[in-house]
Amino acid sequence: PVSAAHLLRLHERFDFLDKDGRGHLRPEDFEEIRELTENPIGGRIIAAFFPPEKERLDFPSFVRILAHFRPIGKNRSRDRAQPEQANSRTGKLKFAFELYDQDRDGKISREELLQVLRAMLGLQVTEEQLRSIAERAVQEADIDGDGAISFDEFKKVKKKEPQGLKPAEKTNFCHVWFLRSHWRKWTWSTR
Amino acid sequence: MLQFAQSACNLLCRCLGITFVVWFTILFVIIIVPAVLEVSLGIHRFYIRTLCRVFEWATLQMELSAKQKNRQFSKPHTKGILAKSKPLSVQENMQELRSSAHSRRSEPQFDMGDVIYFCRKGVESIMDDEVTKSFSAQELESWNLLTRSIRRFPHRGLRLTFLWGLGVLIRYGILLPLRVLLAVTGIFLFVILSTSVGFLPNSKLRFFLGEKVHLMGYRFCVKSLTAFITYHNSENRPKNGSICVANHTTPLDVIILANDRCYSLVGQVHRGLLGMIQRAMVKSSPHIWFERAEVKDRHLVAKRLCDHAADKTKQPILIFPEGTCVNNTSVMMFKKGSFEIGCTIFPVAIKYDFRFGDAYWNSSKFGLVHHLLRIMSSWGLVCSVWYLPPMNREEGEDAVQFAKRVKAALAAQAGLADLTWDGGLKRTKVKDIFKEEQQRLYSEILLRDHQTQKQEKCFEDGTPEED
């Protein structure tokens, strides 16, 4: 059971961000959000919503990506049975991994790590300090010694489960399968 | 057949004539005369109480009809889509993310998962952000029978729709023409009286009469908007020779405040009707109107304000330090200009009850005339005004800190959120300075960890590290 009110709320947010009323979002629409432009990795988060060739984001994709951030619910047994679910621990870590791995080759190279560090620290630290931090992080995480961090190595480093974003109501967030079946019906009822 | 039509016509004309006379008499006796003479008839309390009861009944009806149709009646989230957690500092957030199971030795200086903190903040802002919430109209918990808020309340039913239709008739058929007529009469009377007072030779008499005329003009405006204002703590009302600051929701804030005592206004010279009103105002009481070119010269502005404030017989200057209209759920950053002058500041907090009509002027959506029409066609403007005790700049406090202190007191009194965002963000992009602040905070955590680890290593090895 999914809260229609919650989806309606998200759709209002989608409509609000879509200022030209096109029915889909573009990267420029995200750049209008002031708090996001203040965020050091704001650009990367925006890129996470848009796969490399696509410049448009429709509502189901928008919700699908936000679904990663739903906190893992009380029915743990169900979640364990579906590890591919968007908001599982693996799903959340994959999202974070892809923030580093911009070229999507499945590994975080030293250069990619450096880029993220530069974004998060800016001019506050020197280039040598940045390099030493990156070097140390890669050394500690790299188990197979190939000089880059794969997703499995990344998972091992992050032992604690990343927190999700709690929705205001104690209802379930959305699941991808539900979206596919109910999307049509729902859009008609709100137009 | 013709005779029948003629007699019907006569009857209609007579009815209309009688209605018009009755209506005008009521208008004159109940509204115009009390406005001129400063007498209150107590009708407004009855009106507000009745409306409140109607709104509560309407919400109950919606819940019942929703239950009947077996649908969930969900109240719109007025607090946003995300659950509010205790606001933690950057350090505390990082601590939470990093595993506490790691011992201090093996804890990495930089955790790969640190990016998750920024990622989470970023996605939170995508779903809901404070700045946007402050610049769009407030959301209602129960329907107030206005067409404009109809979209959020789909379960209406027949009785409510009928009530809504009745409401539309009353608001657009009776209230709106009445209000427009009152506004026109008020402005007309004010311009004439103010100009004539300006011709008086005796300055003391002119000042006294000028105040009376101004107050009458504002009372007319208040009645024309059907504004019901409650003034709290009137002993803290601003005194002559000081500056009064208030939060800004709509240009009508001026009318709300000036209904109680006269202020000197600060603003740009306009053309047309507004320009005429401005010129009439200046004739009977001192206001500070700037030419468009002068506004850019900050020193000139500051000097004129200083001169005016230094004269202790002059009325207090009314300034809105936010610089733009905000939607009355929060207070944005106060610009430091008026806090640098150095005289006593009287903060005033204004809070509107938005059930009766949304007072926020979204200047990117409507022009001024449209905004006025919206207010005049809603149920009314109910607001509370709190006068706060006067504040002075303390030793060792600069203008920015003083402004923050005043803002915090104001926000606390009116129950508004105290935000540090600049109101100018409505129109411009965020400056890089905020991003650098975030970067600085994060770097402090890392470097502090780095230092502690270096020290530990130093004690371990027993050799001094070179920095």
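Student: Where is B:H248 found?
Tutor: B:H248 lies in the loop of chain B between strand 2 (243-246) and helix 8 (253-258). Helices (H or I, at least four residues) and strands (E, at least two) are DSSP runs, numbered from the N terminus. This is a predicted model, in which local features need pLDDT of at least 70, side-chain atom pairs count only at pLDDT 80 or more, and totals for chains, interfaces and linings use all residues. Residues are numbered from 1 along each chain as its sequence is written, chains are lettered from A and ligands numbered from 1 in the order in which they are written, and side-chain values use heavy atoms, with hydrogens and water left out.

Student: Is B:H248 buried or exposed?
Tutor: B:H248 is buried, with a relative accessible area of 13%. Buried means under 20% relative accessible area, exposed over 50%, and partly exposed in between (1.4 Å probe, protein chains only).

Student: And which side chain does its own side chain make a polar contact with?
Tutor: The side chain of B:H248 makes one with that of B:D253, at 3.2 Å. A polar contact is a pair of N or O atoms within 3.5 Å; within protein, one must be able to donate a hydrogen and the other to accept it, and residues adjacent in sequence count only if both atoms are side-chain atoms.

Student: Changing topic, where is B:S378?
Tutor: B:S378 is in the loop between helix 12 (368-376) and strand 8 (381-387) of chain B. B:S378 counts as buried because its relative accessibility is 2%.

Student: What does its side chain reach?
Tutor: The side chain of B:S378 reaches the backbone oxygen of B:I375 at 2.8 Å.
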